[in-house]
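Please read this report with the sequence and the structure side by side. Its headings take up confidence, a helix pair, a pocket and salt bridges in turn.

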Amino acid sequence: MSGRLRSLRTAGLLAALAAVMTGPTGDADHPLAGIRGSLAFPRVLFFAAAALVLWAALLGRDRLRAQARTLRGTALGRLAGPAGAGAGNGNGNGNGAGAATRPGATWLSGRRGAVLGHAALLAVALAVPPVLPTAAQQALVSEIGIYALLALGLNVVVGYAGLLDLGYIAFFAIGAYTTAYLTSADAMPWHAPWQLNPFFVLPIALLVAAVAGVVLGGPTLRLRGDYLAIVTLGFGEIVQLLANNADGVTGGPRGVFGLPPLSVELPGVRYSWGLDPLPYYYLLIALIVLVMVVFGRWERSRTGRAWTAIRQDEVAAEATGVATMRMKLLAFAVGASVSGFAGVVVATKQFFNPQSFGLQASLLVLTIVIFGGMGSRLGVVLGALVLQGTAFLLRDTVPPADRFIYFGAVVVLMMIFRPEGLLPPRAHRPRGSGPSRDRSVESVESVDSDGAAGTSRGVADQASPGVVS
Amino acid sequence: MSGATVPRPLPAPISRTIPQPRPSVADPILDVRDVTLRFGGLTSLDGVSLRQGRGSVLAVIGPNGAGKTSLFNCLTGAYRPQQGSARFWPTAPATSANPAGASALEGVGEGGVELVGRSPHRVARVGIARTFQNIRLFPEMSAVENVQVGVEVRARAGALRGLVPTRAVRREEREILERSHLLLDFVGLRHRVRWPAGSLAYGEQRRLEIARALGTSPSLLLLDEPAAGATASERRDLVALIRAIVDQGVSVLLIEHDIRLVAAVARSIVVLNFGRVIATGSPEQIRSDPAVVEAYLGDSDGRADDRAGDRTAGQAGDRADGREGRR
């Protein structure tokens, strides 16, 4: 009963929030006029109806979930049948006998589901943007894509290794200014004696940012928790102030513009990214996918486990033989280098000045990571999409001064109802702790990802005719 | 579930079996000399010396605050004593076919390895593993992942090589996982492989911590009050487990309050009080040593023994409550 009331309250609050967000705005003389206007007569009916629909959905959620589970169960049962028969043919990796196949099959289909889900998301991400208006494309690049990349980098530092870095945006700045230094003779007062194609700057910026990460991390990673946060905060401020005040080097507050866009000039292939946002968007997608794949591999490797161990108990990790200092430096360097990537894209795409690299930007990236789900790659990308997308959608309806109120409201709601983030990493999700599982299944599960994929394909091949017929 | 824990043989390290040594004090594994540790004006350890024979169990006992855990912390690099030395002779390179292990063991000669001044992870790499008085696991990682972190200390693939799943890297990962499973089996946690460590029962967490420590292929295992808070049957299991560990050629240095447990596994005991060694000898000698009786056991042997047991159990209970409270 109380659960139902709580669902009603949630639905009502969300509907009211939506009403206010889409309604007219007040002004300084009539601060409440906006709210009154938002909840005026014809509108309020619509939102009340919306609240009821949402309430019904919330109430039906558990039943829907249960139904989905039974459906999935029967489907899997059908899948496992032929697969179990097939294992006897010596088609699998010989490790698991018939008994091992059943739990293996459920797990494999789970993984296959994840792969399919990722592929579907990627397809949507590739297909949808061309039909969007240019302003939305622009936002997808400079608000969402860039911040998704930044959040992926910060996710390594905060989500994996558990180091609170409040000056993360400084590495972004370093990447951007490195690009300016290397690619243009007149964007900044200080420039390299020769100019490079921005593509060659990608690895250089990655290295420079990684080195900056090590330089910052070397002396400061001995600090823990809050102390590290303060020091990194200071580092971020230093970089921004340097960029702002070293007029003779960076151009100061005027900022940097006129960098050459990304371009490929090979014999036969000639392409320039130009000013259109769409090519940059696809470049960002490529970078994000690359980073996600690399980090996914890392996450499941020794390195990822060492980071998790450090995050959960640094003393125990050190006593177990994990070189904690080196691993933390690695996390810092890796996070910084991804940020450097983002810096290159931003620098070639658009104007930037020191204001772009303020504390607020650092906090925004951190918010995205927490909102999306610390330690989850897809989570932080979706977090960037949702948070920055919300900001973009509010652009026309909400005056700039009010925008952060809604931004804050979204984050607060998230923390109340789903503190682990939009899409928490696998380890944090409640897992079925089945009493006794076969060990050979275990070893196949967590190690042999390629072999497992092979087996899953085998299962699919054998299963599909069974399901169809 | 605390019941029949029949220890199986300790699985061999990833690459090679440890040669089985014979216990003898003439062939030491650890030689601590004159270790003095001060915190400001407080002297925690005052010229502590002890010597442990290879393949033996040595117990360190003493009243609360005697400096037992401080001694452990000095040996494992968590504290740096102002004076003294602690030399350690690893049992062959922990995994001899392993460059990472071998490089950590370079320069191990007649004089052994100096532990004082080594950082904790380098102490672990040279072949000393430890457990903690207040269990320190990685609570959100699964049991097997906890052990994997230990086993991976001896792994070859570094951060960058591990990124590319070549055949060698994959084979090593499989070996690591297999060994981790065997270790869980060894401590009787086979049925908890996928459980988050934080959700295990108290006694299981203690055993998991031992499995993780064994994962680093140590030649010396430091156990800090492994029986604190354990039931009688868990204590019996623990005795069997420690014996099985020693049978595999791993020496054990043990801090424990429970005299009966100590007498069951250790042939020699060192008694600390106020940071000093006040007695060394066999359990029988220690029991009858007047200085020990006065400092640690109280007025009469039997009663005090029980009292000590109660006391540790009570403390463990408090600690367990504290852990609950913090979550």
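## Confidence in chain A

Over residues 81–108 of chain A the pLDDT stays under 50, and for this stretch the model, which is a predicted one, has 27 contacts beyond four places in sequence. The pLDDT is also below 50 over residues 428–469 of chain A, a stretch that has 61 contacts in the model beyond near neighbours in sequence.

Taken as a whole, chain A has a mean pLDDT of 78, with 82% of its residues reaching 70 or more. Among the elements of this chain, the lowest mean pLDDT, 36, belongs to helix H18 (residues 449–468) of chain A, whereas the highest, 92, belongs to helix H12 (residues 314–319) of chain A.

## Confidence in chain B

For chain B the mean pLDDT is 78, and 75% of its residues reach 70 or more. Among its elements, helix H2 (residues 99–104) of chain B has the lowest mean pLDDT, at 38, while strand S7 (residues 220–224) of chain B has the highest, at 93.

Residues 93–106 of chain B keep a pLDDT under 50, and the model has 26 contacts for them beyond four places in sequence. Residues 300–327 of chain B likewise have a pLDDT below 50, with 27 contacts in the model beyond near neighbours in sequence.

## A pair of packed helices

Two packed helices are described by the angle between their axes and the distance between the axes. Helix H10 (residues 277–299) of chain A packs against helix H15 (residues 377–394) of chain A at an angle of about 150 degrees, and their axes are 10 Å apart.

On the side of H10(A), the residues that meet the other helix are Ile288(A), Met292(A), Phe295(A), Gly296(A) and Glu299(A), and on the side of H15(A) they are Arg377(A), Leu378(A) and Val381(A). Of the residues in this contact between H10(A) and H15(A), five are nonpolar, one is polar and two are charged.

## The second largest pocket

The second largest pocket holds about 710 Å³ of space. Its lining has 25 residues, and those that lie nearest its centre are Glu143(A), Tyr147(A), Leu364(A), Gln388(A) and Phe404(A).

Helix H5 (134–160), helix H14 (359–372), H15 and helix H16 (400–417) of chain A each supply at least two residues of this lining, and H14(A) gives the largest share, with five residues. By kind, the lining of the second largest pocket divides into 14 nonpolar, eight polar and three charged residues.

## Salt bridges

How many salt bridges does a search of the whole structure find over all chains? The search finds 14. Glu173(B) forms a salt bridge with Arg297(A), and the closest N and O atoms of the two are 3.0 Å apart. This pair crosses between chains, running from Glu173(B) in helix H5 (residues 167–186) of chain B to Arg297(A) in helix H10 of chain A.

Definitions and conventions:
Residues numbered from 1 in each chain as written. Chains lettered and ligands numbered in written order. Predicted model: local features only at pLDDT ≥ 70, side-chain atom pairs only at ≥ 80, totals over all residues. Heavy atoms only, no water. Axes fitted to C-alpha atoms, helices over the stretch in contact; angles between N-to-C directions. Helix = DSSP H or I, 4+ residues; strand = E, 2+ residues; numbered from the N terminus. Contact = heavy atoms within 4.5 Å. Nonpolar A, V, L, I, M, F, W, Y, C, P; charged D, E, K, R; others polar. pLDDT = per-residue confidence, 0-100. 1 Å grid on protein atoms, 1.4 Å probe; cavity = no way out; pocket = protein on both sides within 12 Å on 5 of 7 lines; lining within 4 Å. Points joined across faces, edges and corners; volume = space filled by probe spheres on them. Salt bridge = Lys/Arg side-chain N within 4 Å of Asp/Glu carboxyl O.
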